[in-house]
Amino acid sequence: MWSKKGEKGRVWIGRAPFRADLLESVQVFAAKENIKCARVEVIGAVERAVIGYYNQDKRVYEEIEFNEHLEILSCLGNLSLRDGEPAAHLHVTLGDRQGNLKGGHLQKGTVVFAGEFVIEEIIGPELFREHDQETDLPLWRKDG
Ligand code: ZN
């Protein structure tokens with residue numbers, strides 16, 4: 001196990017634009033505010049969702065699409081840099097009309113109906129995503 005020590009920096013609370021792509025809206029906001037490292041949370045609702053399930057045997061994300069209106073019960077994750085740009089890694093728990101849960105790795109294609117976010121900047125650690133050979137995932141490099 002390894003970690004990097006940081007301190008709380010700036011904190012934002014706000015809304016994602018109506019019908020914006022949820023993942024992209026977080027990344028666009030981070031680029032605009034020059035956020036290099038942060039924790040992210042979002043609650044609200046989406047008109048449709050695309051989530052990923054990482055198939056560990058095949059080493060690929062399998063996409064799952066939901067063309068229905070869903071609540072964002074919880075969307076948690078982080079921001080760090082990948083190829084010099086803020087990259088959001090978010091996992092989402094969604095609730096349907098019957099109260100059933102769906103969830104996974106947030107992908108592009110998830111359309112915001114309403115989204116309230118909190119972003120807490122973490123100052124100090126430099127975290128960069130890079131291809132990890134063991135998992136085939138873009139994970140944080142230890143010596144970043
Ligand atoms: Zn993930």
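Me: How many residues lie between β4 and β5 in their hairpin, and which one in the turn has a positive phi?
Reply: Two residues lie between them, and D83 has a positive phi of about 55°. This is a predicted model, where local features need pLDDT of at least 70, side-chain atom pairs count only at pLDDT 80 or more, and totals for chains, interfaces and linings use all residues. Numbering starts from 1 along each chain as its sequence is written, and side-chain values use heavy atoms, without hydrogens and water.

Me: How do you know that β4 and β5 pair?
Reply: Strands (DSSP E runs of at least two residues, numbered from the N terminus) pair if DSSP finds at least two bridges between them. β4 (residues 70-82) and β5 (residues 85-95) have eleven, so they pair, in the antiparallel sense. L81 stands opposite P86 there.

Me: What makes β2 and β4 a pair?
Reply: Eight bridges join β4 to β2 (residues 38-55), so the pair counts, again antiparallel. A45 stands opposite E71 in β4.

Me: Why is the largest pocket called a pocket?
Reply: On a 1 Å grid over the protein atoms alone, a pocket is an open set of points where a 1.4 Å probe fits, with protein on both sides within 12 Å along at least five of seven lines. The space filled by probe spheres set on the points, joined across faces, edges and corners, is the volume, here about 380 Å³.

Me: Which residues are closest to its centre?
Reply: Of 18 lining residues (an atom within 4 Å of a point), those are R82, A88, H89, H105 and P138. β5 gives the largest share of the lining, five residues.

How values were computed:
Helices (H or I, at least four residues) and strands (E, at least two) are DSSP runs, numbered from the N terminus.
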